[in-house]
Amino acid sequence: MAEELIKIAVVGHTNTGKTSLLRTLTRDTTFGEVADSPGTTRHVEGARLRLEGRAVLEWFDTPGMEDSISLLEYLEKLDSPQERLDGPARIRRFLDTPEAHGRYEQEARVLAKMLDCDAALYVIDARDPVLGKHRDELAILAACGRPLLPVLNFVNAPAHRADEWRAAMARLGLHAVVEFDTVAPPLDGEQQLYAKLGVLLDRHAPALARLSASLAAQRQARRNAAYELLADLLIDVAALHVSSASDDTALAAASGKLRDHVRQREQTCVNALLALYNFRAADFTDDALPLQGERWGMDLFHPQALKDMGVQVGMGAAAGAMAGAAVDLFSAGLSLGTGMLIGAAAGGLWQGVEKLGKRVAGKLRGWREISVDDAVLRLLALRQRQLIEALERRGHAARDPLRLDHPEDEAWRKGPLPEALKEARSRPEWSALGEHYEDSDRRKRVVRELAKTLADAPPPGA
């Protein structure tokens, strides 16, 4: 038997953030209309959440209640001493009056939707003082006979009154309260909300628990995908090599080409991250990547490059090759300085000439290869890690463009670069920005490993 669709109304005073809450819960920046002026929502809008392809929950955004004090007085006038109507019956009688289609039309829409739903979220601007109109609103909403879960919005504001609201709700018998800032919601905010809804709607608790678990899994999958996008960016940039003749004009042109490639590749990553988290380009104000300094030379004698070519030497010897033998090779033939390295080069370097021969030949003809400096890789990782963590914590009701401050991430500022990036230095075919891109199994595996390293690191500023 198919489970019943759970229907939840989102209600409250005007301009408390009801539409904003639904934007964040549905991950839709375009849901409804959000403005600072009161009474922006004038009709009921709905949005459905699906689980395994089937709609399980439907949210309803309702207009703000503006005249609860007068409405409560009107409801009391409708009561007759001979009648003993319960709350829902009193509300239905009100909905049949001319006033429900005139003076109290907006409130009538809210109450009609309440009666049609299983429960409601009562959204509170926690910056506001607790006033009589709020108590009257709650008395009217309670008359609908539906479970009501107060949601404290804007609790990240410096002058919020969350404690006052909790105390006021408790006096009215509403002891289950959720804090959910729609601009910067807590990472476990959805789980808290669905867990408390499950307590209020016990017959729907299993479905709400499955929906909550699914949303948590989606969040984790989204985070993993974000760090794979970053890892792919870093491998592309670390492996990028641009060839150039040795004269100043050619080197300047090649450097400009490299910078353009890297800036465009970073922007591609930013766009992909915004799309992954369902934000728009206007939601993020970015500055161009400040590229300074390039690496001049080739990484043929990186230990990984030697290993790729079959050169079996210890790390000390390999490091020596990086520091001096590469210069010896390209400035004085094959005078590597030691018999061991001569044998290694003879047995390994030239066995790998099919793979790297063109790069060696180009070097011998006076061509240079330019790659990005380590500092650029660090900056890319810092900026994109900070962007990912900011998107993780950004609600879809946020209206100010996201701006990144200088990240406090000492591990990426000063620590050793991951081995994956060191290996990518010696594999120009791993860069999708180059001319001979190969999306090999090894590259895919390294991207996944680097993504995990990035995701497991403490967030910037932690």
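**Stop 1: the largest nonpolar core**

Select Leu234, Ile235, Val262, Leu391, Leu421 and Leu450. Among the 45 residues of the largest nonpolar core, these touch the most other members. Keep in mind that this is a predicted model.

Now colour the elements that build this core. Helix H8, helix H9 (248-276), strand E9 (368-372), H14, helix H16 (419-425) and helix H17 (441-456) each supply at least two residues. Which of them gives the most to this core? It is H8, with 9 residues.

Next, select Ala9, Leu75, Ala108 and Met114. They are included in a second, separate core, which has 38 residues. In soluble globular proteins, nonpolar side chains tend to be buried together.

**Stop 2: a cluster of rings**

The whole structure holds 4 aromatic pairs. Select Tyr74 and Phe94 and show their side chains. Their ring centres are 6.2 Å apart and their planes meet at 75°, so this pair is edge-to-face.

Tyr74 sits in helix H2 (residues 68-78) and Phe94 in helix H3 (residues 87-95), so the pair ties together parts 20 residues apart in sequence. Are Tyr74 and Phe94 buried or exposed? Both are buried.

Tyr104 is in the loop between H3 and helix H4 (105-116), and the pair links parts of the chain 30 residues apart.

Tyr74 has a relative accessible area of 18%, so it counts as buried, because the limit is under 20%. Tyr104 is buried as well, at 2%. Show Tyr74, Phe94 and Tyr104 together: ring pairs link them into a cluster.

**Stop 3: the largest cavity**

How many cavities of 30 Å³ or more are there? The count is 3. The largest has a volume of about 140 Å³.

To find it, select Thr24, Arg27, Pro185, Glu190 and Arg219. Of the 17 lining residues, these lie nearest the centre of the largest cavity. The lining divides into 6 nonpolar, 4 polar and 7 charged residues.

Now show four helices: H1 (18-26), H7 (189-200), H8 (205-238) and H14 (374-392). Each supplies at least two residues of this lining.

Finally, colour by domain. Why does the largest cavity lie between domain 1 (6-32 + 42-200) and domain 2 (223-321 + 367-456)? Because both domains give residues to its lining.

Conventions: Residues are numbered from 1 along each chain as its sequence is written. This is a predicted model: local features need pLDDT of at least 70, side-chain atom pairs count only at pLDDT 80 or more; totals for chains, interfaces and linings use all residues. Side-chain values use heavy atoms; hydrogens and water are left out. On a 1 Å grid over the protein atoms alone, a cavity is a set of points where a 1.4 Å probe fits but cannot get out, and a pocket is an open set with protein on both sides within 12 Å along at least five of seven lines; lining residues have an atom within 4 Å of a point. Grid points are joined across faces, edges and corners, and a volume is the space filled by probe spheres set on the points. Ala, Val, Leu, Ile, Met, Phe, Trp, Tyr, Cys and Pro count as nonpolar, Asp, Glu, Lys and Arg as charged, and the others, Gly among them, as polar. Domain bounds come from an automatic or database domain assignment. A nonpolar core is a set of buried Ala, Val, Leu, Ile, Met, Phe, Trp, Tyr and Cys residues joined through side-chain atoms within 4.5 Å. Buried means under 20% relative accessible area, exposed over 50%, partly exposed in between (1.4 Å probe, protein chains only). Rings of Phe, Tyr and Trp (its six-membered ring) pair if their centres lie within 6.5 Å; planes under 30 degrees apart count as stacked, over 60 as edge-to-face and the rest as tilted.
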